[in-house]
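Reader: I would like a close look at one helix packing and what surrounds it. Please keep it brisk.

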Amino acid sequence: MMIGDVVGPAGVACVKKMLPRFKRENQIDFVVANGENSAQGNGILPQSADALWDAGCDVLTTGNHALRRREIFPYLESHDWVLRPANYHPDAPGRGFTILDRPPYQVLVINLQGTVYLDSLRCPFQTADEILRQSNTRFCLVDFHAEATSEKLCMGYYLDGRVSLVAGTHTHVPTADARILPGGTGYITDLGMCGGQNSVLGVKKELALHRMRTHLPTRFENDPEAIVINALVAEIDDKSGKTTKMTRVDLGNL
């Protein structure tokens, strides 16, 4: 299971409330969630990471807000299940991929950030190649945190047949294109978010609207109401590591 950007304490609370039962009832083996907005405002803090781990997330990925809070720097160094994009500068704290043992499986999770309309980073395609060359795990999940749909689609096709699943994050809006690519890699352009259904990308709509209309500085606040979890559940073949079935999931106050 891969969960879209978890927004604020209310998003974290929703995951804590709903994920354990959903995992149990659907026999979910492994959960990846994007936690880069799980702190109040944005960014990720040790407290929000711990809460998502306690809820049943195996790996937390991030994106352009990964290093927004300095408090997370030591945590990234000491917790190999919390990732920042692998194509960050080598001096950045933490790591961009991890291999976790979940007997009888070993799962490689790669976190990448796009460069179209975002910060100028190392090439995410080249970075993916470098990581895959040093790993021979059968199961590989990729969170590609990117703005442009075209860049996400290119990454999906680029990795098709080489990884199990490529899921886009960042836009907080779920896309309707979940599918299995010709080489057997599962793909979706964006998972969506775990945030307020009646918000603007998890932000209180009146604040986002004020900013959009006036272009004046506006202090954003997360919307704590009517939280919905946007996620994807994929079935992956034990022998080939390829995706055989995909289902988009929306949990919460629908």
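How is the crossing of α1 and α2 handed, left or right?

Author: α1 and α2 make a left-handed crossing (the near helix is turned anticlockwise from the far one by less than a right angle; clockwise would be right-handed). The model is predicted, so local features need pLDDT of at least 70 and side-chain atom pairs 80 or more, while totals for chains, interfaces and linings use all residues. Numbering starts from 1 along each chain as its sequence is written, and side-chain values use heavy atoms, without hydrogens or water.

Start with the geometry. The axes of α1 and α2 (residues 46-55) come within 8 Å and cross at roughly 10°. That makes the two helices α1 and α2 roughly parallel (angles under 35 degrees). Axes here are lines fitted to C-alpha atoms over the stretch in contact, with angles from 0 to 180 degrees between N-to-C directions. Helices are DSSP runs of H or I with at least four residues, strands are runs of E with at least two, and both are numbered from the N terminus.

Now the contact (heavy atoms within 4.5 Å). From α1 come Val 12, Val 15, Lys 16, Leu 19 and Pro 20. From α2 come Ser 48, Ala 51, Leu 52 and Ala 55. By class, seven of these residues are nonpolar, one is polar and one is charged. Nonpolar means Ala, Val, Leu, Ile, Met, Phe, Trp, Tyr, Cys or Pro; charged means Asp, Glu, Lys or Arg; the others, Gly among them, are polar.

The largest pocket has a volume of about 560 Å³. A pocket is an open set of points on a 1 Å grid over the protein atoms alone, where a 1.4 Å probe fits, with protein on both sides within 12 Å along at least five of seven lines; lining residues have an atom within 4 Å of a point. Points join across faces, edges and corners, and the volume is the space filled by probe spheres set on them. The lining has 25 residues, and Asp 29, Phe 30, Ala 234, Glu 235 and Ile 236 are the closest to the centre. α1 (8-26) is among the elements that give two or more residues, as are β6, β7, β12 and β13. The largest share, five residues, is from β12. The lining of this largest pocket holds 17 nonpolar, three polar and five charged residues.

The axes of α4 (residues 124-133) and α5 (residues 149-159) come within 11 Å and cross at roughly 30°. α4 and α5 are therefore roughly parallel too. Their crossing is right-handed. α4 brings Pro 124, Phe 125, Ala 128, Asp 129 and Leu 132. α5 brings Glu 151, Cys 154, Met 155, Tyr 158 and Leu 159. That contact has eight nonpolar, no polar and two charged residues.

One backbone detail remains. The peptide bond from Pro 103 to Pro 104 is cis, with omega near 10°. Pro 104 sits in the loop between β5 (97-102) and β6.

Definitions and conventions: Parallel < 35°, antiparallel > 145°, perpendicular 65-115°, else oblique.
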